[in-house]
Amino acid sequence: MIYVLMAVVQIAYVALNSFRVVLMIKGKNYLASAISTIEIFIYISGLSLVLNYTESSLGLIVYSVSFGAGILLGMYIEQKIALGYIALQVVSEYGRDLAPPLRAKGYGVTVWAGEGAQGMRSLYLIVAKRKEYGALRRTVLELDPKAFLFSYEPMQFSGGYWAKKLE
């Protein structure tokens, strides 16, 4: 029973630690600070428990495995919450117009022409909430199964469609 408690404490501590780091990177300083208060409470509360039982091989194994499990849980929580935004760039066959159906779904879309190795291409820049990425990706690939896609996380916005939506 003590090893189960040790694992639960370690998993909770490491999961909160992982999630807090992500919040700090995303600039959510006050939320990260609040989580760190809970995190350190769990850490201090469990520290004596862990130190009393790491002398045995089983205690060390439980402590180590639960650390890895805590990392996985922290990443899972962050992915489910999916804070922030995603910018998706799409390269499509020239003349295919993906913008109207994407705009009809509420996405901001900027379109321009480009030249690739095999001729002219249409390029699209679409910004969405990270939670919407899966649906956005599926929509784009339904409209153009041969589209080339790549994405990144924008950190700041200034002006344009998204600045209006964020106000």
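This is a predicted model: local features need pLDDT of at least 70, side-chain atom pairs count only at pLDDT 80 or more; totals for chains, interfaces and linings use all residues.
D144 sits in the loop between α5 (133-143) and β4 (148-152). Leaving aside residues up to four places away in sequence, D144 touches S92, E93, R96 and L98.

**Helix α1 and its neighbours**

Now to the start of the chain. Helix α1 covers residues 2-25, and its 24 residues should span 34 Å at 1.5 Å a residue; the end C-alpha atoms are 35 Å apart, which agrees. Several residues of α1 are buried, including M6, V9, Y13, F19, R20 and L23. What do the buried residues of α1 pack against? Their partners are α2 and α3, the latter being residues 57-81. Just after α1 comes G27, which takes a positive phi of about 80 degrees.

**Salt bridges**

How many salt bridges does a search of the whole structure find? There are three, and here they are together:

| Pair | Closest N to O |
|---|---|
| R20 and E39 | 2.6 Å |
| K26 and E153 | 2.4 Å |

Take the bridge between R20 and E39 first. R20 lies in helix α1 and E39 in helix α2, so this pair ties together parts that are 19 residues apart in sequence. Both R20 and E39 are buried.

K26 and E153 make another of the bridges. This pair links distant parts of the chain, with K26 in the loop between α1 and α2 and E153 in the loop between β4 and α6 (160-166), 127 residues apart. E153 counts as partly exposed, at 36% relative accessibility.

Is E78 buried or exposed? At 10% relative accessibility, E78 counts as buried. R130 is buried as well, with a relative accessible area of 18%.

**Aromatic pairs**

The whole structure holds two aromatic pairs. In one of them, Y13 and Y43 are tilted, at 4.9 Å centre to centre and with 40 degrees between the planes. Y13 lies in helix α1 and Y43 in helix α2, so the pair ties together parts that are 30 residues apart in sequence. Y13 counts as buried at 17% relative accessibility, whereas Y43 is partly exposed, with a relative accessible area of 31%.

F148 and F150 form a tilted pair too, with 5.7 Å from centre to centre and 45 degrees between the planes. F150 counts as partly exposed at 35% relative accessibility.

**A nonpolar patch on the surface**

Y43 turns up again at the surface. Together with I40, I44, L47 and L51, Y43 forms a nonpolar patch with about 440 Å² of accessible area together. L51, one of the patch residues, lies in helix α2 (residues 29-53). Why does L51 count as exposed? Its relative accessibility is 51%, and the label applies to values over 50%.

How values were computed: Residues are numbered from 1 along each chain as its sequence is written. Side-chain values use heavy atoms; hydrogens and water are left out. Patches are made of residues with over 30% relative accessible area and no salt bridge: like charges are joined within 9 Å, nonpolar side chains (Val, Leu, Ile, Met, Phe, Trp, Tyr) within 5 Å. Accessible areas come from the Shrake-Rupley method with a 1.4 Å probe; for residues, only the protein chains shown count as cover. A salt bridge is a side-chain nitrogen of Lys or Arg within 4 Å of a carboxyl oxygen of Asp or Glu. Helices (H or I, at least four residues) and strands (E, at least two) are DSSP runs, numbered from the N terminus. Buried means under 20% relative accessible area, exposed over 50%, partly exposed in between (1.4 Å probe, protein chains only). The expected span of a helix is 1.5 Å times one less than its number of residues. Contact means heavy atoms within 4.5 Å. Rings of Phe, Tyr and Trp (its six-membered ring) pair if their centres lie within 6.5 Å; planes under 30 degrees apart count as stacked, over 60 as edge-to-face and the rest as tilted.
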